[in-house]
Amino acid sequence: DGPVIIVGAGHAGYQVAASLRQAGFSGRICLINDEAHLPYQRPPLSKAYIKGSAGPESLMFRPEKFYHDQTIELIAGRAVSIDRAGRKVLLASGEMLPYGHLVLATGARNRLLDLPNANLPDVKYLRILDDSEALRKIMPSKTRVVVIGAGFIGLEFAATARIKGLEVDVLELAPRVMARAVTAEVSEYFQARHREAGIRIHLGVQATSIEAEGGKVTGVSLSDGRHLPADLVVVGVGVLPNIELAAEAGLSVAAGIIVDEYLSTTDPDISAIGDCALFASPRFGGSLRLESVQNATDHARCLAARLTGDKKPYDGHPWFWSDQGDDKLQMAGLTTGYDRVVLRGDPAKKAFSVFCYKGDELLGIESVNRAGDHMFGRRLFGMDRSITPEQAMDESFDLKGALA
Ligand code: FAD
């Protein structure tokens, strides 16, 4: 027993606090928040929020009153070290917080670009609300943006910038967009859609320098010798998990804070969840670190259950989404290691799903503007069922029937 101290008030940190109260935990809960806002949702930062005029309050999970009513202590500050022997966390303010259980929900931070001029004010990243606010503010005065990195966030931003009337160039080192995360079929669809919208996508190239005059960005030079003019650069080249606090406390870390299938670190009084956690997965084998709202919130619920007496290994079913222009991509399952894909629907009609198989085993489904297929996939995986490739490609096959 004793207080539960949660470091990081993102999706995972907020959810574990809320779920603990929901499960009847009556002890002290402190949520350490190093951002200057109430806990908020991140996905709209590169989507609706950056497009619109709604204020920051539209992103908050809950109003301030919720934390008050639930006696969840929101503590503004940053955890700087952990005294494991004394079971205390030290904050940057000098305050020491004793814990019965410590939850590390420290998330991830942007991988920074290591190029000349990369720290100029017109070179932006997109991870926190302040980043999105800053972009919203400067975009109306900009005409040409170069987006470095064609992952989800880079492409979501690129689509929005184009809708807002900017000239947009996207640079990607890989031979196709979102190459690490989606099938070639989905990459090709989105490449075509973004190009139709007037976005120039440059594949197999790297930014080699950012040019500036008088502290203002004037363009980006590419590895193939070309030069693209720009007055704004947005970087989306991935994230690094925030593992330093754990590592300095002597906990095991690798490409994330190492936790077992119960999300416990090598110290039974400390757990790690969400983007920062490299967790053992009996279902998928080996260990995984995922960056998604589903992963963060399901980890949080699993941990809250354990801390209130319902100990079960984490066995969430991954799902994810990305909104790019008018298209909605949704993914269910984990597609790594597929050797065969089957299409349902038609990319030419802007609505299709890619079913990914390893042999006859269905690993995952990527759906573009086919929400029904996505929901089907989530329910199917949740029931530990499958359908054959022949059934998947046959539009007359009744998906609902497979769930009965
Ligand atoms: P985070 O949300 O990163 O929260 C961690 C918090 O801990 C941060 O506030 C950080 O500042 C804080 N922190 C770190 N160290 C300390 C410390 N020492 N002391 C105190 N606080 C600390 N996922 C989807 O599934 N779908 C999407 O469409 C989608 N879109 C996204 C769009 C953007 C722009 C971004 C940035 C992410 C998106 N994601 C999306 C990913 C999703 O937001 C993350 O997977 C999720 O936020 C992870 O939650 P988390 O709580 O683990 O980490």
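Ala332 is part of strand E23, which covers residues 327-333; strands here are DSSP runs of at least two residues labelled E, helices are runs of at least four labelled H or I, and both are numbered from the N terminus. The model is a predicted one, in which local features need pLDDT of at least 70 and side-chain atom pairs count only at pLDDT 80 or more, while totals for chains, interfaces and linings use all residues. Residues are numbered from 1 along each chain as its sequence is written, and side-chain values use heavy atoms, with hydrogens and water left out.

With a relative accessible area of 1%, Ala332 is buried (buried means under 20% relative accessible area, exposed over 50%, and partly exposed in between, with a 1.4 Å probe and protein chains only). Leaving aside residues up to four places away in sequence, Ala332 touches Pro318, Trp319, Leu363, Gly364, Ile365, His374, Gly377, Arg378 and Phe381, a contact being heavy atoms within 4.5 Å. Trp321 is eleven residues from Ala332 along the chain, and their C-alpha atoms are separated by 8.9 Å.

Turning to the chain as a whole, its secondary structure comprises eleven helices and 26 strands. The radius of gyration is 22 Å, close to the 22 Å that the globule rule gives for 404 residues, so the chain is as compact as a globular protein of that length; the radius is taken over C-alpha atoms, and the rule is 2.2 Å times the number of residues to the power 0.38. The C-alpha trace spans about 65 × 60 × 35 Å along its principal axes. Buried residues make up 51% of the 404 in the chain. Among contacts with a separation of 6 or more, 59% come from residues 24 or more positions apart.

The surface and the charges can be summarised briefly. The chain has 45 positive and 50 negative charges, and their mean positions are 3 Å apart. Lys and Arg count as positive and Asp and Glu as negative, without His and the chain ends; each charge is placed at NZ of Lys, CZ of Arg, CG of Asp or CD of Glu.

Two examples illustrate the strand pairing, for which DSSP must find at least two bridges between the strands. Strand E10 (residues 144-148) runs parallel to E11, with five bridges between them, and Arg144 stands opposite Glu167 in E11. Strand E11 (residues 167-172) has five of its six residues buried, so it is largely enclosed by the rest of the structure. Elsewhere, three strands in the order E18-E20-E21 form an open sheet with mixed pairing. Its edge strands, each pairing on one side only, are E18 (257-259) and E21 (287-288). E18 pairs with strand E20 (residues 277-280) in the parallel sense over three bridges, and Val259 has Phe279 of E20 as its bridge partner.

Lys350, although not a glycine, has a positive phi of about 65 degrees. Lys350 sits in the loop between strands E24 (340-346) and E25 (351-358) and is partly exposed, at 38% relative accessible area. Asp384, also not a glycine, has a positive phi of about 55 degrees. The loop holding Asp384 lies between helix H9 (371-382) and helix H10 (389-393), and Asp384 counts as exposed at 55% relative accessibility.
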